[in-house]
Every structure is written in C-alpha cells, then in structure tokens.
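Please look over the sequence and the model first.

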Amino acid sequence: MDRDASHVPFVESGSYPLRPGNRVQPLVDGGPAFSRIAEAVEAAEHSVWVTVAFLDPHFEMPGGRGSFFDVLDGAQARGLDVRVLFWRHWQLHELQADAHFPGSEAQRRILAGRGSRFLARWDQAHGRYCQHQKSWLVDAGHEGEVAFVGGINLNPASVVAPGHPPSDRGNTHDVYAELQGPVACDVHHNFVQRWNEASDRGEADGCWPDASSQDDLRFPEKAGSAVGDVPVQIQRTVRRDRYRNGHPAPDTRPHDIEGGEFSIVDQYRRALDAARDTIYIEDQAIGAPEILDRLHAALSRGVHVAFLVPLDPNNEMAAARGQESSQPFWDSLAALGEHPHFTLAGIASSRGPGDLQHVYVHAKIALVDDGWATIGSANVG
C-alpha cells in the first residue's frame, strides 16, 4: 500500500506472527472470487483443502464449472489430495435444511450417488457458535501454494459481478483475499489443526467416505519463500478448549490456546484505537458495544468514519432492536450520527427508475488510514 500504516500495531495474542514478503490480491464479490479460486483448483498439482461454513445445494461455480462437488470430484479424479472440513449443526439443519452440509443421511446418499471420493470430516462448534471459516488452500506446503480467505458463502446470491446488476437469485456483496508467500503456511497450519482434531472424526458419520480412509495431516515445518512485499498476519477466533496438543506454527513460540484465542477482535481494537485520519468498515452490522465506543473515540479525535451495512438489517439485529435491555446500545449507535464526520451507508442496484434491489453487505473488511486493511469472515460484533 502507498501510505505508511506502521502506527497500526499487529497483535501478539494469536497463534501466528506478522510475516513479511507476501503477495495479496483482494477479490471483490463472488463472481471474480470463485472464478479465480476455480482457476487455482484447475491448476493445482498436489492438493485442494477447503473449510466450509454454509453451503446451498443450488450453488454453482462461475463459468459453467458446475457445483461445489463437481469441482472437488474433478480435482480428486486428477489424483489430487482433496479434503473438506464441513461445519455440523443439527439444530440449524432441522430449521434450515439447505443452509449448510452437516452430513445427514440424505446428504451422504447424494455423495454416494455421485461416487465422490474426496475426504471430509465434520466439525461442530461450541454451543450456538459457528465454525465460520471459509478458506481454500491449494498445493499446501509445495512451491506455489496459494490460500484464499474471506467471508463469501457458497450460495447463489454470492455469485455476482462487481457493480451488482439485479439478479433474481439475490444480490450479496462480499470479499476474499488471495494470499501467496510465507503467510500461506499459517492457513495450512490452521487447516491441519482443525482436520486432526475435528470434533466428529471418531463418529460413524463424522468422516467421508469412512473413518478407515482417513489419515491425520503433518503440520507445516517451515514457511514458504517471499514472493512479494506485503506484511500479513493471520488472525482467528477459537472459542472452546481445543488444540491443547497442537503443534506451533513455523517460526513462532509454542502457543497454548486452551482458554480460547481472540486475535481478530484484538486486532480490531488496536486498529481502531490507532486510526489518525480515516476508518472504513464493511460489515453485516455494528453489533458490539466496544466497537461503538472505539468509533465514538475515533470520531471525537477528528477521524472520518464510514460504515457500509445492509439496507435491510439481518434478522438478529432486527429482533434485538425491540429489546429494552439493549436500549443503551441502540442509543449509542444512534449517537454516531451526531458526529459530523460519520457516514452510515447501504448500497443498491437499479432495475429501472424507482425500482431498487438492495445489495446485502456480507463483507467483513476494514481499512484504516489508507494503509492497513483486514479481510476476513468475522463480524465486528
């Protein structure tokens, strides 16, 4: 980036260090993002590993490539090591059967009918939380490995072009980042931790095709070579007792996250507190009181703040609006509008005069002082 953002500190509370020497390409909206991911999968020589949160059965990759499973089966048929970590939440499946892919009996019949032979494990989350990571890792640990991280879900509404022409499938704005260089080893490390300790790996229906076909993965032993000039740090949230026996990432101190890891919110705190001139955020909602407090503080010291949200709020925010116990939060949110340098905005595409289609903002990004940015899958609240 052109502007110096050395005043924005990176975190020390997470598992992964700041790594210099990377190449980063933002991929704005699902059409370009999934096209680029598919190209990387088609060029893969060794492996394709994916973490999935939400999967709509009607999702198809751009360019006539077919479904998510068509892409995986094609890679596996070429002899690649193809693995997927699926989130499993049975209550959600009962309420919204098409929301994700928990490996139900019916879904396993679909895989069997396809003859799918890629490897999969199912991973639950603690309580009401979600295994929210959406990542692709191509040729992990090999020359030219590339990682894709961000928030774009596998659903038809996300496969849109920049500019968001109206669509009968819905219209969602979202962002991915393509990463090459030393930092890709940390996406590799995270996948290995989750794969090796996936919650349901020992269950009869916790693996595909079956447990006997499964093997644990080796952790990366060293980071890859520098390929660019961008410093990048991978951050994440781990909410439950996990990875107590996990191998530390290359070039890091041993890290015990038994009590949880919250380096994403830690980074947001540091970045907002360090802002001098501008803060730009895209997110589904302004949902956390501590984020509100930091935005008020930044605005009070003269920072210009712009926040892009959906014109139609998500269901959770709409439901919380009427709760008396949360009124102080809503009052603080409304008070942001009293600052002269605050902008709250949504976006829409036009079907014609007076006919707008709201664009649902699902991106989770922030840009501080035009020199520091984050792209991910974690909401700020």
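At roughly what angle do the axes of α7 and helix α9 cross, and within what distance do they come? The axes of α7 and α9 (residues 327–335) cross at roughly 30 degrees and come within 10 Å. This is a predicted model, in which local features need pLDDT of at least 70 and side-chain atom pairs count only at pLDDT 80 or more, while totals for chains, interfaces and linings use all residues. Residues are numbered from 1 along each chain as its sequence is written, and side-chain values use heavy atoms, with hydrogens and water left out. Helices (H or I, at least four residues) and strands (E, at least two) are DSSP runs, numbered from the N terminus. Axes are lines fitted to C-alpha atoms, for helices over the stretch in contact, and angles run from 0 to 180 degrees between N-to-C directions.

The helices α7 and α9 are therefore roughly parallel to each other, a term for angles under 35 degrees. Pro289, Leu292 and His296 of α7 meet Phe329, Ser332, Leu333 and Ala335 of α9; contact here means heavy atoms within 4.5 Å. By class, this contact of α7 with α9 has 5 nonpolar, 2 polar and no charged residues. Ala, Val, Leu, Ile, Met, Phe, Trp, Tyr, Cys and Pro count as nonpolar, Asp, Glu, Lys and Arg as charged, and the others, Gly among them, as polar.

Helix α7 (residues 289–300) also packs with helix α6 (residues 263–274), at an angle of about 15 degrees and with the axes 9 Å apart. That makes α6 roughly parallel to α7. On the α6 side the contact is made by Val265, Tyr268, Arg269, Leu272 and Asp273, and on the α7 side by Glu290, Ile291, Arg294, Leu295 and Ala298. The classes in the contact of α6 with α7 are 6 nonpolar, no polar and 4 charged residues.

Next comes a helix with two faces. Helix α4 (residues 105–114) has Gln107, Arg108 and Leu111 as its buried residues, buried meaning under 20% relative accessible area, exposed over 50%, and partly exposed in between (1.4 Å probe, protein chains only). Seen down the axis of α4, these buried residues fall within an arc of 100 degrees, so they line one face of the helix; the arc is that of the directions from the helix axis to the C-beta atoms. The face of α4 turned away from the buried side carries the exposed residues Glu105, Arg109 and Gly113. Among the elements that cover the buried residues of α4 are α2 (68–77), α3 (90–95), β6 (119–123) and β11 (207–208).

Two loop residues can be taken together. Arg88 sits in the loop between β5 (81–87) and α3, and Gly103 in the loop between α3 and α4. At 2% relative accessibility Arg88 counts as buried, and Gly103 counts as buried at 1%. Arg88 and Gly103 are 15 residues apart along the chain, and their C-alpha atoms are separated by 7.5 Å. Leaving aside neighbours within four places in sequence, Gly103 is in contact with Arg88, Trp90, Arg108 and Trp122.

Some backbone details remain. A cis peptide bond, with omega about -5 degrees, joins Trp208 and Pro209. His164, a residue other than glycine, has a positive phi near 55 degrees, and at 7% relative accessibility His164 counts as buried. Phi of Asp370 is also positive, near 55 degrees, but Asp370 counts as partly exposed at 40% relative accessibility.

Methods: Parallel < 35°, antiparallel > 145°, perpendicular 65-115°, else oblique.
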